[in-house]
Amino acid sequence: MKILIAGDFCPRYRVAEKIEKRDFNSVLGEVKDIISNADYSIVNFECPVTKGEGSPIEKCGPNLRCSEKGMEAVKWVGFDCVTLANNHFFDYGKEGVENTIETCGRYGLDTVGGGMNLDEASKILYKEIEGKTIAIINCCEHEFSIATEKTAGSNPLNPIRQYYEIMNAKEKADYVLVIVHGGHEHYQLPSPRMQETYRFFIDVGADVVVNHHQHCYSGYEIYNNKPIFYGLGNFCFDDNKSNATKWNYGYMIEIEFKEDIRFEIIPYEQSSHHLNITKVNDEIFYHTINNINDVISNPKELRSAVNKYYKESQMGIKIGLFPISNLIIRILFYRKIISPKFPRKWLLRLGNYVMCESHREKLSFMLRTEGNN
């Protein structure tokens with residue numbers, strides 16, 4: 001049983017123009033055989049399908065969407081399933097979620113990780129392939145897309161819930177595949193928390209763990225004889241400005257599920273100088289991913305590298321949290337003419353609310369209710 005898994009698909013800008021004209025071949029044609037020839041193939045659908053303009057929700061960051069032709073393109077290239085647990089699935093509210101799921105049904109595509117409520121979003125997808133059953137669990141980190149008992153959206157990352165899901169899946173399936181959407185955008189290493197969580201999923205019974213979201217590829221490791229992939233990168237996601245940058249490179253994985261799990265990495269360049277997804281086989285890619293793997297294999301070195309990244313990111317966080325902000329203030333901050341200073345007691349109080357689970361629940365509730373007023 002060979003399962004192919006790809007990263008984030010979102011038709012935007014130049015790619016959207018091609019797809020709206022149903023010119024799927026010029027964007028996806030070179031990888032069609034690879035995707036179609038797998039026994040089962042999965043891609044992350046990184047935006048809702050809307051009817052017309054739709055009604056975007058209030059959130060931080062862009063509200064992404066596409067027309068039904070985006071789903072038609074996914075079907076055309078040969079995918080069998082779309083994962084819906086990602087930070088953009090609820091960008092156009094309940095209507096966007098409902099329309100996306102309905103469109104998938106019409107095109108004969110399986111879905112996992114999204115639904116009209118938490119029960120639906122957290123359902124495990126079981127597929128029987130070549131006489132074996134695989135269970136697929138899909139979840140994402142908490143942003144603006146999370147489903148609740150009464151509202152639509154994506155299945156949230158919750159290691160306790162996923163523990164029980166994996167245990168239940170092991171009783172019904174021969175193999176368990178966990179696909180997570182999360183991590184630091186534009187950063188090619190997983191955080192120690194990600195590594196600890198994904199290794200835990202393996203410890204409790206998952207056979208493979210796959211991550212995407214960062215808009216750049218990360219590395220992988222073999223943990224207890226099971227593979228963990230920490231970031232596939234964009235599958236097809238045009239930002240209209242990047243050419244031959246880490247945004248434009250990624251890889252698919254073809255996993256052969258058998259007694260000893262094997263896999264093949266399929267690297268490519270996408271949405272670059274040429275819009276088509278083109279396989280690559282150059283030394284730079286393999287040199288980079290091998291260096292990333294070396295860091296991942298050493299938890300102490302990984303923590304040191306991530307802490308360095310956090311330190312370099314502090315100014316952006318301070319500016320983002322500063323109560324008063326406009327273009328002039330941001331320029332002054334970045335040019336270090338002024339510095340965003342927070343009172344010591346305020347920092348201690350904020351730290352206590354963020355770090356303590358119980359206090360964080362109260363803070364989250366306050367932010368949700370204040371934001372809705």
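Glu102 and Arg106 both belong to helix α5 (residues 93–106), where four residues, about one turn of the helix, separate them. Helices (H or I, at least four residues) and strands (E, at least two) are DSSP runs, numbered from the N terminus. The model is a predicted one, in which local features need pLDDT of at least 70, side-chain atom pairs count only at pLDDT 80 or more, and totals for chains, interfaces and linings use all residues. Residues are numbered from 1 along each chain as its sequence is written, and side-chain values use heavy atoms, with hydrogens and water left out.

The side chains of Glu102 and Arg106 form a salt bridge at 2.7 Å, N to O. A salt bridge is taken as a side-chain nitrogen of Lys or Arg within 4 Å of a carboxyl oxygen of Asp or Glu, and by this rule the count is 16. An α-helix has 3.6 residues a turn, so residues three or four places apart point the same way. Glu102 is partly exposed at 37% relative accessible area, and Arg106 is also partly exposed, at 46%. Here buried means under 20% relative accessible area, exposed means over 50%, and partly exposed lies in between (1.4 Å probe, protein chains only). Glu68 is linked with Glu102 and Arg106 in a network of salt bridges.

Lys308 is exposed, with a relative accessible area of 52%, and Glu312 is exposed at 56%.

The side chains of Lys226 and Asp207 meet in a salt bridge of 3.1 Å, N to O. Lys226 is in strand β12 (residues 226–229) and Asp207 in the loop between α8 (192–203) and β10 (208–212), so this pair ties together parts that are 19 residues apart in sequence. Lys226 is partly exposed, with a relative accessible area of 23%, whereas Asp207 is buried at 5%.

The loop between β10 and β11 (220–223) contains His213, which has a positive phi near 140° despite being a residue other than glycine. His215 is placed in the loop between β10 and β11 as well, and has a positive phi of about 65° although it is not a glycine. Most residues other than glycine have a negative phi. His213 is buried, with a relative accessibility of 3%, and His215 is buried at 6%.

A positive phi, of about 50°, is also found at Glu130, in the turn of the hairpin formed by β6 and β7, which have two residues between them. Strands β6 (residues 125–129) and β7 (residues 132–140) run antiparallel and are joined by five bridges; two strands pair if DSSP finds at least two bridges between them. Lys132 in β7 is the bridge partner of Ile129.

Met252 is located in strand β14 (residues 249–256) and is buried, with a relative accessibility of 0%. The C-alpha atoms of Met252 and Ile42 are 9.8 Å apart in space, while the two residues are 210 residues apart in sequence.

Helix α9 (residues 283–296) has 14 residues, which at 1.5 Å a residue should span 20 Å, in agreement with the 20 Å between its end C-alpha atoms. The expected span is 1.5 Å times one less than the number of residues. The buried residues of α9 are Phe285, Ile289, Ile292, Asn293, Val295 and Ile296. Seen down the axis of α9, these residues fall within an arc of 160°, so they line one face of the helix; the arc is that of the directions from the helix axis to the C-beta atoms. Glu283, Ile284 and His287 are exposed on the other side of α9.

On the surface, Tyr353, Val354 and Met355 form a nonpolar patch with about 310 Å² of accessible area together. Patches are made of residues with over 30% relative accessible area and no salt bridge, like charges being joined within 9 Å and nonpolar side chains (Val, Leu, Ile, Met, Phe, Trp, Tyr) within 5 Å. Accessible areas come from the Shrake-Rupley method with a 1.4 Å probe, and for residues only the protein chains shown count as cover. Val354 lies in helix α13 (residues 344–355) and is partly exposed at 40% relative accessibility.
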